[in-house]
Amino acid sequence: MNVQVVYCTHQTTPLALRERLAFASVEQLTRAYETLRATFPQSEHVVLSTCNRVEIYAAQDEANVPPTQEQIAEFLSRFHGVPQNDLGGALLWQKGPEAVRHLFEVASSLDSMVLGEPQIVSQVKEAYRVAQDNNACGPLTHALFQGAMRVSARVRSETALAVGRVSVASVAVGDFGKSIFDRFTDKIVLVIGAGEMAEETLRYLKDEGAREIVVVNRSLERGQRLATEWGGAARPFDELDQWLGRADVIVSTTGAPQPIVDVARFRAARAGADGKPVFIIDLATPRDFAPGVADIDENVFLYDIEALQATCEQNRRQRTGEIERARRIVAEETDRFLHDIYHKATGPIISQLRAGWRKVCQDELDQLFAKHQALDADERRGIERTVERIVNKLLHPPLEALRDEARKGTPHGLMEALKRLFFTGE
Amino acid sequence: MANVHVFCFFASYVVALALEGLAVARRSSTLRALGFGFAVAGLLAQTFYLISRSNAADLPPLLSSSHDWLLVLAWLAVVFDLTLSSVLSLSGRGTPMGLFLLPVVLLLIGASDLVGEATSPAMSAATDVVRRGAEERALRGWGMLHASLLVFGIGGVIVGFLFSVMYVVQHRRLKDPRSVPSGLKLPSLATLARLNWWSVILSFPLLTLGMLTGIRLVYLSRNTQGPISFSDPLVVGSGLVWLLMVAFLSWLLRGDHVGGKQVALRTIWAFGLVLATLLGLQVLFNGHTSAPAQRGAAAQPESSAARMEGAARQ
């Protein structure tokens with residue numbers, strides 16, 4: 001099997017260049033596959049293009065069949081109209097076992113910007129599906145990508161690489177909010193300020209079913225814009241106290257230089273809240289809520305950006321601790337995959353060799369038994385067994401050598417030598 | 001089946017608990033699955049043990065002795081643990097129920113070892129297959145109802161107690177995220193408060209009915225070998241426990257504006273006291289005692305086969 005990958009990722013290439021090399025639409029991918037098929041008809045291809053990486057996988061049965069690394073780079077350059085000089089050293093290349101390992105690591109989210117993030121598996125699956133739709137796949141890429149899905153599933157089930165949330169908004173809603181409330185469908189969400197972080201948090205809250213969203217902002221116009229976008233209502237800033245008492249979830253992201261809600265203000269606002277739980281996500285720096293607000297009563301749950309980041313960091317550390325285990329699985333699966341592939345490649349030669357030698361033996365034995373008809377059944381069986389043992393002993397060294405070589409890659413040279421040495425008639 | 005001893009399932013549950021703890025610390029689903037397997041193995045062993053005991057005493061385990069009654073309670077707790085763990089696991093929430101339930105299970109099994117294995121004198125009368133009449137059948141039926149209601153009522157108390165402990169742990173985690181291991185995933189406060197409420201609401205009528213059937217049982221047992229007296233410490237203690245439950249329930253239903261954590265803490269105190277009293281009474285007084293004159297006669301367990309043999313000799 002000859003597999004190689006030419007790629008650039010978020011780790012090696014700036015976003016500006018990745019954007020230029022990306023295959024942004026299905027149409028663009030279809031055109032790319034048409035070009036690849038036309039230019040390299042003997043090769044199978046899969047293009048993986050996400051916001052963090054652009055990768056082209058190529059696989060062929062035979063060695064020394066195009067494309068080469070340079071030819072793939074040239075294809076990328078020409079297809080996107082990016083001069084080769086602009087690519088510089090941005091494009092990386094792996095071949096053989098390293099290319100297989102790379103794909104397995106990518107699919108297992110070991111190479112992702114956010115370690116263990118789940119989207120990459122779907123993106124790899126989608127890339128494989130599009131390649132199939134464009135008739136760019138063959139037996140090698142089928143085996144390779146199906147193997148990648150299997151490895152990804154194994155890493156997810158056997159390690160904690162994908163356990164725990166790692167973004168502030170997801171930790172706030174998923175780890176803390178969902179530990180307080182059963183559901184968000186009947187909760188009033190108050191957003192103070194209209195910052196970017198508020199939007200991200202609202203996205204998670206909406207995903208959890210939040211319906212009633214109230215935006216209170218000093219600029220009513222900006223508040224209205226945010227409220228409209230998320231299906232909520234904007235209220236003037238002087239209604240803040242009223243909503244502080246009514247809200248179940250409060251997301252605060254103002255740019256105020258000092259806390260806008262102190263203990264006295266919140267205690268007064270909460271007087272009519274009947275002790276119901278309130279979940280406050282203070283994403284502002286400096287903080288919008290005075291730290292003492294959390295101690296007003298046992299049902300006030302206040303999280304500032306520092307507390308949320310600490311949890312994110314803790315989850316990240318736990319994920320990082322799983323890298324070695326995940327890599328061991330990838331290495332093990334890479335070896336198994338290559339062994340299976342190479343075994344398949346050498347299988348026909350081994351069968352042919354055994355069959356050829358057995359035929360020679362059988363012919364010779366037939367002649368021998370024809371000459372010595374006095375031999376009884378036991379004697380004949382004994383001779384047959386002896387000859388079989390001799391054949392096996394003679395075949396053992398070349399077959400072992402073939403197996404040893406197959407562990408490192410398809411042993412084209414040795415396979416060719418065996419063909420020439422033993423199949424002289426073909 | 002006859003070779004299964006209490007130690008077999010006790011040890012299985014200890015290992016299951018240790019694995020569950022390790023699974024939380026290391027966030028390992030493999031360890032959790034292994035712990036689940038040990039708990040299932042323990043449950044099977046315990047089931048065989050109870051069947052074997054029941055066959056030997058010719059009585060359902062609930063009636064045969066305090067030892068068996070406590071083991072049935074522990075058995076129900078394990079079934080509840082495994083069922084809930086499976087449901088939560090299938091719904092993608094890996095709440096380590098065993099971490100909370102198994103210590104109680106071990107406590108119940110430990111307590112069962114301290115109480116007598118002898119059949120209650122009153123119930124011995126109900127096992128007499130030779131002379132079983134209408135009165136004995138009634139005694140057996142009421143005894144079964146009484147024991148079942150109490151076992152489910154106390155089961156509810158245990159569950160309520162554990163949900164309250166979980167509420168307090170979850171509340172602590174939410175107030176100070178670093179205070180609790182991050183691998184410990186618990187249901188939301190709202191869910192725990194609701195489950196706690198239902199466990200109180202369901203266990204109270206069960207215990208009340210258990211008390212009422214107990215009074216009937218005292219009445220029915222008066223003509224047996226071992227009549228139960230109203231001054232029996234277990235009867236008196238159960239009455240006090242019931243009064244405590246009444247007080248707690250009325251406080252809960254009064255609907256004062258107290259937070260969920262206060263409810264949980266008071267449930268822990270109330271239910272903890274109920275459990276401690278009931279277990280303490282069982283251990284100290286060895287189940288329902290018979291009248292002093294008859295104690296010696298019915299203290300030893302006797303298989304129905306042996307009793308029948310004796311009857312035949314007469």
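**Ground rules.** I worked on a predicted model, where local features need pLDDT of at least 70, side-chain atom pairs count only at pLDDT 80 or more, and totals for chains, interfaces and linings use all residues. Residues are numbered from 1 along each chain as its sequence is written, chains are lettered from A and ligands numbered from 1 in the order written, and side-chain values use heavy atoms, without hydrogens and water.

**Sheet, chain A.** I traced an open sheet of six strands, ordered β7-β6-β5-β8-β9-β10, with parallel pairing. Strands are DSSP runs of E, at least two residues, and helices runs of H or I, at least four, numbered from the N terminus. Two strands pair if DSSP finds at least two bridges between them. I found β7 (233-235) and β10 (300-304) of chain A at the edges, each pairing on one side only. I then looked at β9 (residues 278-282) of chain A, which five bridges join to β10(A). There, A:Ile280 stands opposite A:Leu302.

**Interface.** I counted 21 residues from chain B and 23 residues from chain A in the contact (heavy atoms within 4.5 Å). By class, the chain B side has six nonpolar, ten polar and five charged residues. Ala, Val, Leu, Ile, Met, Phe, Trp, Tyr, Cys and Pro count as nonpolar, Asp, Glu, Lys and Arg as charged, and the others, Gly among them, as polar.

**Salt bridge.** I found one across the interface (a side-chain nitrogen of Lys or Arg within 4 Å of a carboxyl oxygen of Asp or Glu). A:Asp182 forms a salt bridge with B:Arg194, with the closest N and O atoms 2.5 Å apart.
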